[in-house]
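Let's take a walk through a structure together.

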There are 2 protein chains.
Amino acid sequence: MTNENKENSEDGPSKKALKKAQKAAEKAAKKAEYKAQNAVQDDATQEGAEVDCSVGLYGNLTLNKSQEKLPVTHKELKDLDESLANQNVTIRARLHTSRGKGRQAFFVLRSCEHTVQCVIAVGEMVSKQMIKFVCNIAKESIIDVEGKVVVTGQKIESCSIQDIEIYATKVFVVSASAQRLPLQIDDAMRPEADDPEGLQIKVNQDTRLDNRVLDLRTPTNQAIFRLEAGVCHLFREALRMRGFTEIMCPKLISSASEGGANVFGMKYFEREAFLAQSPQLYKQMAIAADFGKVFTIGPVFRAENSNTHRHLTEFVGLDLEMAFTHHYHEAVNVIGNMFTEIFRGLRDNYADEIATVNHQFPAEPFKFLDPPLCLEFKEGVALLKEAGIEMEETEDLSTPNEKLLGRLVKAKYDTDFYILDKYPLAVRPFYTMPDPNNPKWSNSYDMFMRGEEILSGAQRIHDATLLVERAKAHEIPIDTIQSYIDSFKYGCPPHAGGGIGLERVTMLYLGLDNIRKTSMFPRDPKRLTP
Amino acid sequence: MTNENKENSEDGPSKKALKKAQKAAEKAAKKAEYKAQNAVQDDATQEGAEVDCSVGLYGNLTLNKSQEKLPVTHKELKDLDESLANQNVTIRARLHTSRGKGRQAFFVLRSCEHTVQCVIAVGEMVSKQMIKFVCNIAKESIIDVEGKVVVTGQKIESCSIQDIEIYATKVFVVSASAQRLPLQIDDAMRPEADDPEGLQIKVNQDTRLDNRVLDLRTPTNQAIFRLEAGVCHLFREALRMRGFTEIMCPKLISSASEGGANVFGMKYFEREAFLAQSPQLYKQMAIAADFGKVFTIGPVFRAENSNTHRHLTEFVGLDLEMAFTHHYHEAVNVIGNMFTEIFRGLRDNYADEIATVNHQFPAEPFKFLDPPLCLEFKEGVALLKEAGIEMEETEDLSTPNEKLLGRLVKAKYDTDFYILDKYPLAVRPFYTMPDPNNPKWSNSYDMFMRGEEILSGAQRIHDATLLVERAKAHEIPIDTIQSYIDSFKYGCPPHAGGGIGLERVTMLYLGLDNIRKTSMFPRDPKRLTP
């Protein structure tokens, strides 16, 4: 489309004239192109014998194959405000909705979380044919709109941009959508509680996920995944500041990493390979190889036939591991403070995204303490017992008991995040360091958000002899983990770490009810597409 | 071990006395512990009937199970310098080498890229038994050393820290190494050219990789992987600054992503799944879903039986994709400038790492232009023809021709990085946008470092109809890519992007000769461990 560059004051008049001539030529070319394109398919031009005063101001652009290199003068929706009053702007966005109303039409443009209203009315440069063309554009098409920014007298409640609207003068379709959509964005973005007419028009989860490319366009999903990117960024920055090095761990491994259950196997040239269930062994090797403090972000795979709100067969692990000097609480403190920084960063830098999500899925703001609350496992059990739960002190927490404990902790300490330290040794993996004073306990911990586990970690055994002993106690065949054990034969500092489920952190921070809402393309036993 | 906190001047005398008493008690306890531990296994104590004046100042610490929570007062090797002259410091590091010399011993501590010399000599508090103990510690053990920082008269050429040494007064083993090492760190870190005695003691690549935990301890490997982490960081920061959002793409997919060859298949519950060969289709879906500009870092898998210096079956992809307004060169410019920022960031922030690697593997400094050089494919072919290569204008570049072209470009333009734009359509994947003016060419590009391809990218077809047409021309069965095609049915902005091989960037930036040097745990058809 034509580019309305402002005249540059440094240009001499000859340049100006040149530009003008060029523009006229461009407009003529556009008209010819438009006529060629629309002669048959666009019935607007055939309506009566009426002369179309808007020729060249609307139509379908030819498919962009990078025909022209032009300066980018488009404004983004998010940058539209009253400061642009009465200025001409060009916007590229989706057609969210449109309705004709006699000699004028209203249509809403959407880009990410933002919507703005446009008005087009029959006038000197706007024909009835043009109005009809605009009203016939399929929703979800990407269009270029040029028009004047006008400050509205009254707030436009239905749009996110409420104080201005655009009086459109040019409308071109950049990429047309099919007319029939498998789901309506308006339905997909409707607040859960909002059902004034009792119509219960919702989009069910499978329809959403089957048509994820449409579903992801809702303001809520735009906000969720921008915030999730923020979790990764804050995780990395908190650790980089503390001297951690990012490492990359292989996903193809030669033996099942943690005991053999729930692992995907595959043919690897002439032998068998497996998909890593966690990068833990590799993080530990990095520690034994003197990297000191490491983190890694990557997919982890669980061949577990769990069809719950919080299990995926592939999810993103945020993993870290660090050598410590005296006590594994040096690592617990680093991890706890890192979470505080993540929560603070989300609260302070993603307030708009949180508000957008809450508008559709209301939730209590996420509460956290600084420094974070750290309880011992047995204190947790005591709280549960006080609340009437019957259990042994060294029994693992069931999922309902974890949830209940979360509520009890929230009631008592007013925090949605806490650390539960010193788990019973028997319920932890073989490589967990036992407590030095009592064989019942271990130097291990879980961390919770809104009563659900989001991190599991421990001091690891860094001594080959003890590791063999503990593996035997767990009846793990030593030959399957020999190279892991060998990693500790040539000196290894004491170390501790943990693994975090990214999608769980996002889900629980936002108070969402299903992990499929925070995985862009979720994988579960029943879903492998799109 | 005992912690020598400096007396705090704010403490009253009673506190001081308390501390002193506590220290005495601690020392007594340590002595008792030491005696218990060393009575049998440590023959040093049995040598003659000599009284050991160093009891409690050396020995093997009990396995760290986080027995004590103590303040961390250890200094890191990298922080040792003349400003600490005559101060007492405690260091935890590896014993790199040691040699006894009568009544004294010299030993070198190593931590990451740093080494420092320690001296211990028989004296009032240092017994012969202690010297013997120190000389018997296995190399690669992790030890705690306490001692005085002493400025040396003469530079210590054999260490990275050359102006000071440590006069050790306490030596404790934190984690002992086995005495026999499968490779010697000194051999593994020896400069390639450095073979004064003609002994040719090298460590071959398989020995290195089989014992990667040891191999990774060399200063060169410490530097390589810290710099590689820097590549990821600089990539992300360059894109974040330009408004890109990080996304996560699934690795488990339901059909072979790019045509079906070279893909790992596996059983997924009751059906078949594949490992993604690239995140490209998902990046594009994110664009069709309005994320505008996205990047993703993750493993990509190629079941390709290539045993070359530059192929891996699993490597890390740095991928990006962006909507553009008019012309795909908007994306080419973003990518080109991003590389300039990465190269500048490495040069300016990783000079020590580069020097460390060059010390072992000499290479010319990496040269780049700002803005980067961009040639058209046919200009590249013309350069090759001038150099005597016979080839068609639309023939793909062979690997030797790519390398030669890299040398020709370097000679002519003095840059190790350049962009080759407008590849022949026939040699690119089906989803590549054809050139608008000439069906022979396409809107696609590769980028090169030192004559090897490190990025492949293009404007993608964002129109379902043209996509089907091109897939048919490539004889790809439409039903296998239906959901990909459907992603473009509901409006999609024109977009372009590319995928970068992380290990190749690191290898070529540093001028290394094998990609296994820049993958922490490399995977190839023959290697799946450790």
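Predicted model: local features only at pLDDT ≥ 70, side-chain atom pairs only at ≥ 80, totals over all residues.

Residues are numbered from 1 along each chain as its sequence is written, chains are lettered from A and ligands numbered from 1 in the order in which they are written, and side-chain values use heavy atoms, with hydrogens and water left out.

Start in chain B, where eight strands make up an open sheet with mixed pairing, in the order β7-β11-β12-β17-β16-β15-β14-β13. The edges belong to β7 (245-246) and β13 (373-376) of chain B; each has a single partner strand, so one side of each lacks a neighbour in the sheet. Helices (H or I, at least four residues) and strands (E, at least two) are DSSP runs numbered from the N terminus, and two strands pair if DSSP finds at least two bridges between them. Within the sheet, β16 (residues 452-460) and β17 (residues 495-501) of chain B run antiparallel and are joined by six bridges. Look for B:A458, which stands opposite B:G497 in β17(B).

Now turn to the contact between the chains, where contact means heavy atoms within 4.5 Å. It takes 109 residues from chain B and 110 residues from chain A. The buried area, meaning the accessible area (1.4 Å probe) that two parts lose on being put together, summed over both, is about 9100 Å² here, and carbon and sulfur atoms give 62% of it. On the chain B side, B:H326, B:Y490 and B:L528 lose the most area to chain A, together 9% of what that side buries. Between the two chains there are six salt bridges, each a side-chain nitrogen of Lys or Arg within 4 Å of a carboxyl oxygen of Asp or Glu. B:E246 forms a salt bridge with A:R236, with the closest N and O atoms 2.7 Å apart.

How many disulfides are there over all chains? The count is zero, taking a disulfide as a pair of cysteine sulfur atoms within 2.5 Å. The sulfur of B:C249 lies 12 Å from the closest cysteine sulfur, in A:C232, which is too far for a bond. B:C492 is in no disulfide either, as the nearest cysteine sulfur, that of A:C112, is 13 Å away. B:C492 counts as buried at 0% relative accessibility; buried means under 20% relative accessible area (1.4 Å probe, protein chains only), exposed over 50%, and partly exposed in between.
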